[in-house]
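This briefing covers disulfides and aromatic contacts. Please look over the sequence and the model before reading on.

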Amino acid sequence: MPKPKTHLSSFLLLTTATIFSFFPAPSSPSPGASFVYGGCSEIKFENESPFEFNLDSLLSSLLNSATFSLYNNFTISSPEPQPTLYGLYQCRGDISTADCAACVKDAVSQLPHYCFHSCGGTLQLDACHVRYGNESFLGVPDTTLVLKKCGTGSGLSDTDMLSRRDEVLSGLGSGNGGFRVRNIGYVSGMAQCVGDLSGEECTDCLANAVERLRGGCGAGSWGDVYLSKCYVRYSAGGVYLSDSGSPERFWERRWVLGAVAFVV
């Protein structure tokens, strides 16, 4: 495996009681599996414990469900004193279930390696998100900032680009549906909420992410903001810079051009 090019060394409070430390970006084994962020609980479970058995069962349930649905969550209860285990996966709203299953498989295969014996783990790839933990996060709104990345100047007219970007972001931050895309000329945007949020909670989360992008990325040619339960991304010109500094396609999947598209 090649050495990772980035390392997120900060600590982040993802729930009220679980601290996740972030791990380096792994290589991406398949399209749509580009690493975005990941983290692991500092609390560990013992080898061959009931928790380990329940975690294997949970991850298997996520894998099986991803073959026919872009989102699902599971709860595995155990007799006390064993903790209840919670988990979910969320695939990007514009991909097929086959691609979803492949992405979730990639994420599930990486989590036990990078989060060895951790009682909680989260991994965001470009096309899917997987999370598990021993404290309930299902249905809980959370606008904690996980990751913010901004591009440099677009080389275009700042006034025109910012006007188009703000219109794109305004469209993403309002409306209905958990997955949204918008295109205004050469500026494109994408937003998504985790499926356990209500419609109102999703809109609140995306509005928060939009404000962080507006305030944090200036006239950058692209920007990504990931909160614990949603994300918003935009790009001027259809490309952005990867961690290696080379230009990539902003999104390799299908786009609906010239209008807002909302997908539940």
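How far apart are the sulfur atoms of the disulfide that Cys40 and Cys115 form? They are 2.0 Å apart. The model is predicted: local features need pLDDT of at least 70, side-chain atom pairs count only at pLDDT 80 or more, and totals for chains, interfaces and linings use all residues. Residues are numbered from 1 along each chain as its sequence is written, and side-chain values use heavy atoms, with hydrogens and water left out.

**Disulfides**
- A disulfide is a pair of cysteine sulfur atoms within 2.5 Å, and by this rule there are six.
- The link of Cys40 and Cys115 is left-handed, with -75° about the S-S bond.
- Cys40 counts as buried at 5% relative accessibility; buried means under 20% relative accessible area, exposed over 50%, and partly exposed in between (1.4 Å probe, protein chains only).
- Cys115 is buried too, at 2%.
- Cys150 and Cys217 form a disulfide with sulfur atoms 2.0 Å apart; Cys150 is partly exposed at 30%, whereas Cys217 is buried at 7%.
- Cys193 is joined to Cys202 (S to S 2.1 Å) by a right-handed link, with 90° about the S-S bond.

**Aromatic contacts**
- Rings of Phe, Tyr and Trp (its six-membered ring) pair if their centres lie within 6.5 Å; planes under 30 degrees apart are stacked, over 60 edge-to-face, and the rest tilted.
- The count is three aromatic pairs.
- Tyr37 and Tyr226 have ring centres 5.8 Å apart and planes at 75°, so the pair is edge-to-face.
- Both Tyr37 and Tyr226 are buried.
- Phe45 and Phe51 form a tilted pair, 5.0 Å centre to centre with 35° between the planes.
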